[in-house]
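Here is a walk through one model, with an eye to ring pairs, charges over rings and the surface by the RNA. Have the structure open while you read.

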Amino acid sequence: MGTIQAIRGTRDILPEEVTYWQTVEATARQILNDAAYREIRTPIFEQTELFERGIGEATDVVGKEMYTFADRGDRSITLRPEGTAGVVRSFVERKLFGAGNVQRLWYTGPMFRYERPQAGRQRQFHQIGVEVLGSGDPRADVEVIAIATDIFRALGLQNLRLDLNSVGNSEDRDRYRRVLIDYLTPYKAELDADSQERLDRNPLRILDSKDPRTQEIVADAPSILEYLGDASKAHFDRACQLLTDLDIPYQLNPRLVRGLDYYTHTAFEIISDDLGAQATVCGGGRYDGLVEQLGGPSTPAVGWAIGLERLILLLQQLHDLQTPPLDFYVVSRGTLAESQALGLARGLRHNGFSVELDLSGSAFGKQFKRADRSGAVACLVLGESEAAAETVNLKWLATGEQETIAQVDLRSMASQLRHQLQKHRSDQSPTVKSSASSV
RNA sequence: GCGGGCGUAGCCAAGUGGUUAAGGCAGUGGAUUGUGGUUCCACCAUUCGGGGGUUCGAAUCCCCUCGUUCGCCCCA
């Protein structure tokens, strides 16, 4: 094939779909603003070492999924596979930690992981995420979860569930790890191959294996929640209580393990059953050690990321969003009329109307056909006789009524036109869908 | 990285070895030389993702390759 195509695992978001993205972005921005989160924009590539140290050398993301290359100065560069490491790097480098200050940040943008594409998974994908840095209070965990659920609710998504777990601190995990190895070792021969490999290296991961026999074995395994230290347990219990107080339903999932090393204490996922195998739309948790790990002061933190492609997949199942309706379609014929039409369209736009100008130069019949399909409420007609008389014909497309207006009067009629448009729009057939903002 | 399905026009598609590659939607032109949504007519793939092979003959069979899709691993 001679034509150049988009790189595997990437795709174009075409105008029709962009409406969904804009809806999501506007909704999230509003909710985050109202909660005093401020946007941060960090580079989409960083030193490879940032991710190696931040996410963990042993993770799959670092081990086999990073887009890493040497730049012309022979520095090792990596396209960010997630957002938290860059935000924390910025927090440390730019010293955003004031004494006792809590930073509430959010970000959005593309992320890159070299994986085999499948439903809800691409090599370039987009996330929107939040990070609260500087608070170890369980209220921060719950605030962040509440914001995520508010975003989903504002978008009208309902069939979602919140899975919650605590992975404790490193002592808790070490203790539990030993218990788990003791429990699993007698079953070793029965575990799936991957899980056998992981028994020594990363036994917690075995908990969420999809292998049926492994699942049976794991079902009776001791729960990490029973091996949390007093402080970890108090933190988690408080977080659960606060969620209950806010009427945010959740289910404890002691087998929920997250794949990035930095997580501590609260871990959660928001999951949809309408997405196929890649069902997590939002994942996050606490990461109390990461800031220090990356050279900053010891700073507790909690955050999440929403996968926008997955979210939009769900939205598309729910709503039929269409581009905002057009006010006027301008039809013209003849040199003088065409130049007047260009100016008229511009003048109307300056008055706040949306106006599409027909550029085809084809016969009026064809231009009207296009006017019809454009979804415009009204049509402005400028032929040679109108041009000579400096008038314009205003035609209401639903009824076919036409009136002649002097071009000079068009501007002063703006508020009158607005009312008429409103009226005709409500008369129009119900094929005109609500605009994005009404979701 | 591993395993299965698929790949005919902008979109949905019929065709499963015999040659002009159905049909529908969209698009373009016309009936209607300045007035749309209906209708009617015409046009719209030297070619079946790409390359190679088998054959007198390939969209149809074989190989390679690219893409896509569903799953595994893992994650958003």
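Two residues are in contact when heavy atoms of theirs lie within 4.5 Å.

## Ground rules

This is a predicted model, so local features need pLDDT of at least 70 and side-chain atom pairs count only at pLDDT 80 or more, while totals for chains, interfaces and linings use all residues. Residues are numbered from 1 along each chain as its sequence is written, chains are lettered from A and ligands numbered from 1 in the order in which they are written, and side-chain values use heavy atoms, with hydrogens and water left out.

## Around Arg175

Let's start with Arg175, which sits in helix H6; helices (H or I, at least four residues) and strands (E, at least two) are DSSP runs, numbered from the N terminus. Setting aside neighbours within four places in sequence, Arg175 touches Tyr227, Leu228 and Gly229. Arg175 and Leu228 are 53 residues apart in sequence, yet their C-alpha atoms are 8.6 Å apart in space.

Arg175 is partly exposed, at 34% relative accessibility. For that scale, buried means under 20% relative accessible area, exposed means over 50%, and partly exposed is in between (1.4 Å probe, protein chains only).

## Aromatic pairs

A pair of aromatic rings is described by the distance of the centres and the angle of the planes. Here, rings of Phe, Tyr and Trp (its six-membered ring) pair if their centres lie within 6.5 Å; planes under 30 degrees apart are stacked, over 60 edge-to-face, and the rest tilted. The structure has 8 such pairs. One of them joins Tyr176 and Tyr227, a tilted pair with 5.9 Å between centres and 45 degrees between planes. Tyr176 belongs to helix H6 (residues 170–184) and Tyr227 to the loop between helix H8 (212–219) and helix H9 (230–245), so the pair ties together parts 51 residues apart in sequence. Tyr176 is buried at 1%, whereas Tyr227 is partly exposed at 25%.

Tyr183 and Tyr187 also make a tilted pair, with centres 5.4 Å apart and planes at 50 degrees. Tyr183 is buried at 18% relative accessibility, and Tyr187 is partly exposed at 29%. Elsewhere, ring pairs link Tyr262, Tyr263 and Tyr287 into a cluster.

## Charges over rings

A charge sits over a ring if NZ of Lys or CZ of Arg is within 6 Å of the ring centre and within 35 degrees of the ring normal. Arg123 does this over the face of Tyr114, 3.9 Å from the ring centre. Lys395 has its charged end over the ring of Phe368, at 4.8 Å from the centre.

## The RNA side

As for the bases, a side-chain N or O atom of Arg121 is 2.3 Å from a base nitrogen, and a polar backbone atom of Glu384 is 3.1 Å from a base oxygen.

Terms used
A polar contact is a pair of N or O atoms within 3.5 Å; within protein, one must be able to donate a hydrogen and the other to accept it, and residues adjacent in sequence count only if both atoms are side-chain atoms.
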